[in-house]
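Have the sequence and the model open side by side.

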Amino acid sequence: MAVTIYGIKNCDTMKKARSWLEDHDVAFEFHDYKALGIDRAHLEAWIDQAGLDTVLNRAGTTFRKLPDAERENLTREKAIALMLDQPSMIKRPVLEAKDKLVIGFKPEIYTSTFGG
């Protein structure tokens, strides 16, 4: 199964997710979207599959520091532009595993996705 995990290298949640995958012998490729960026096609596909509220990290510091005018009346297009410009606004981790998409890290969800 081809597995790619997207996120930011130094994020604590990312570290937990990568450790879980390593501890369970799940081979994966890591894509640091802070260093490598992310493309519109990925964001659109993730939003189509999981929803904007799942993909956009509204609780993060980067989003909260935005001026009110940028946070209000947030359309899909505006949110994608923000995430392309500042990938740290994307919830972490985003895990693509064949036809599955898992956003965020919860050990029980990883277990149900990959087995225990």
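A crossing counts as left-handed if the near helix is turned anticlockwise from the far one by less than a right angle, and right-handed if clockwise. Helices (H or I, at least four residues) and strands (E, at least two) are DSSP runs, numbered from the N terminus.

This is a predicted model, in which local features need pLDDT of at least 70, side-chain atom pairs count only at pLDDT 80 or more, and totals for chains, interfaces and linings use all residues. Residues are numbered from 1 along each chain as its sequence is written, and side-chain values use heavy atoms, with hydrogens and water left out.

Let's start with H1, residues 12-23. Its 12 residues reach 16 Å from first C-alpha to last, close to the 16 Å expected at 1.5 Å a residue (the expected span is 1.5 Å times one less than the number of residues). Buried here means under 20% relative accessible area, exposed over 50%, and partly exposed in between, with a 1.4 Å probe and protein chains only.

|---|---|---|
| H1 (residues 12-23) | Met14, Ala17, Arg18, Trp20, Leu21 | Asp12, Lys16, Asp23 |
| H2 (residues 40-50) | Leu43, Trp46, Ile47 | Ala41, Asp48, Gln49 |

The buried residues of H1 are Met14, Ala17, Arg18, Trp20 and Leu21. They sit on the same side of H1 because they cover an arc of only 155° around the axis, the arc being that of the directions from the helix axis to the C-beta atoms. Their cover includes strands E1 (3-7), E2 (29-32) and E3 (94-97), plus helix H7 (107-114). After H1 comes Asp25, with a positive phi near 55°.

Now for H7. Its axis and that of H1 come within 11 Å and cross at roughly 35°; axes are lines fitted to C-alpha atoms, for helices over the stretch in contact, with angles from 0 to 180 degrees between N-to-C directions. The crossing is right-handed. Ala17, Trp20 and Leu21 of H1 meet Pro107, Tyr110, Thr111 and Phe114 of H7, where contact means heavy atoms within 4.5 Å.

On to H2, where Leu43, Trp46 and Ile47 are buried. With an arc of only 95° around the axis, they lie on the same side of H2. They pack against E1, H3 (52-55), H6 (76-85), E3 and E4 (100-103). Gly51 follows H2, and its phi is positive, near 100°.
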